[in-house]
Amino acid sequence: MKRLTITRPDDWHLHLRNGDILKTVIPHTAQRFARAIVMPNLKPPVTSVARASSYRQEILNALPENADFTPLMTLYLTAATTQEDIKAAAASGIVYGFKLYPAGATTNSDAGVSQVKAIYPLFEALQNVDMPLLIHGEVTDSKTDIFDRERLFIERTLIDIVRQFPELRIVFEHATTRDAIDFVTASSSFVASTITPQHLLYNRNALLAGGIRPHHYCLPILKREDHRLALVKAATSGNPKFFLGTDSAPHQTHLKENACGCAGCYSAHAGIELYAEAFEQAEALDKLEGFASFFGPDFYRLPRNADKLTLVKTEWR
């Protein structure tokens, strides 16, 4: 297929940073996506409605002229978050979820939560106001094999959260393993998952074979081929529990190409194109529109976009 027209997609997991980096990267997303769930892990983190409002305005100010793009803000869930913060977010009209980072899980996650059970009252508050909880699902203790962190988080933490709060809407962000796919599939309709383009297209050979390739280093880390195939099967299945979230994460070159390079893949410059490549490889381009354009807004209880986007297959480097 040389040409494909779909309903304009949204990105349900995006890092924009701020300052000059934001100004550089926001045009890429706005060209392709109508809306995006914007991650709150800035320095300092976005932990209040006031801070989210300020950051939202910074994003809007950085957009190219005539761009049609809506940032959907999130707040960083910490041990200091209060139930009043959650009520304020629910009433704000601009906050669409709270992000849970286990402390030390990824870039700018130092303010994350160390004892998840200690914040169960906050999960109950989120459930009461019907505010989604967005989870970076990895354990972070140094003795755990990095390739097992997602599976162990499900076993040690996520199973109990879902059991204790059955009507809490949960997005298991950037699933990378068959374990995550199986868990989300078996859970109720209150549990969904985003899947990134890098985890659909690459396995850990792309990171490690023939030398270290820092541009493919992200967290959660790329996994074995059997896990990649499970992700592709889920994304192309038509199951509304799985939808697009690039986790596009910009970093300055000197920090990425470094003896201790930072984690994150930047994909916003070709976000929907990379997904189309993965779906075409799976002979499932007919499933792309649901994954990219329908299932995300349905889960977040937002209207689907009315405008269209056309992809044309051409050589591009």
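Colleague: At what angle do helix α1 (residues 19-32) and helix α2 (residues 49-62) pack?
Modeller: This is a predicted model. In it, the axes of α1 and α2 are 9 Å apart. The crossing of these helices is right-handed, and the angle is about 50 degrees.

Colleague: Is α1 roughly parallel or oblique to α2?
Modeller: Roughly parallel would need an angle under 35 degrees. The angle here is about 50 degrees, which makes α1 oblique to α2.

Colleague: Which residues make the contact of α1 with α2?
Modeller: The contact residues divide into four nonpolar, one polar and two charged. From α2 come E58, I59 and A62. From α1 come G19, L22, K23 and I26.

Colleague: How is helix α5 (residues 149-164) oriented to helix α6 (residues 178-186)?
Modeller: Their axes come within 10 Å and cross at roughly 15 degrees. The cut-off for roughly parallel is under 35 degrees, so α5 is roughly parallel to α6.

Colleague: How many residues of the contact of α5 with α6 are charged?
Modeller: The contact involves E150, R151, I154, L158, I159 and V162 of α5, with D179, A180 and F183 of α6. Six of these residues are nonpolar and none is polar. The charged ones number three.

Colleague: Which residues touch the most other members of the largest nonpolar core?
Modeller: That core has 77 residues, and α5 gives the most to it, with six. Beyond its neighbours within four places in sequence, F123 contacts L77, L100, V116, L133, I161, F165 and L168. The residues touching the most other members are F123 and L288.

Key
Residues are numbered from 1 along each chain as its sequence is written. This is a predicted model: local features need pLDDT of at least 70, side-chain atom pairs count only at pLDDT 80 or more; totals for chains, interfaces and linings use all residues. Side-chain values use heavy atoms; hydrogens and water are left out. Axes are lines fitted to C-alpha atoms, for helices over the stretch in contact, and angles run from 0 to 180 degrees between N-to-C directions. Helices (H or I, at least four residues) and strands (E, at least two) are DSSP runs, numbered from the N terminus. Angles under 35 degrees count as roughly parallel, over 145 as roughly antiparallel, 65 to 115 as roughly perpendicular and the rest as oblique. Contact means heavy atoms within 4.5 Å. Ala, Val, Leu, Ile, Met, Phe, Trp, Tyr, Cys and Pro count as nonpolar, Asp, Glu, Lys and Arg as charged, and the others, Gly among them, as polar. A nonpolar core is a set of buried Ala, Val, Leu, Ile, Met, Phe, Trp, Tyr and Cys residues joined through side-chain atoms within 4.5 Å. Buried means under 20% relative accessible area, exposed over 50%, partly exposed in between (1.4 Å probe, protein chains only). A crossing is left-handed if the near helix is turned anticlockwise from the far one by less than a right angle, and right-handed if clockwise.
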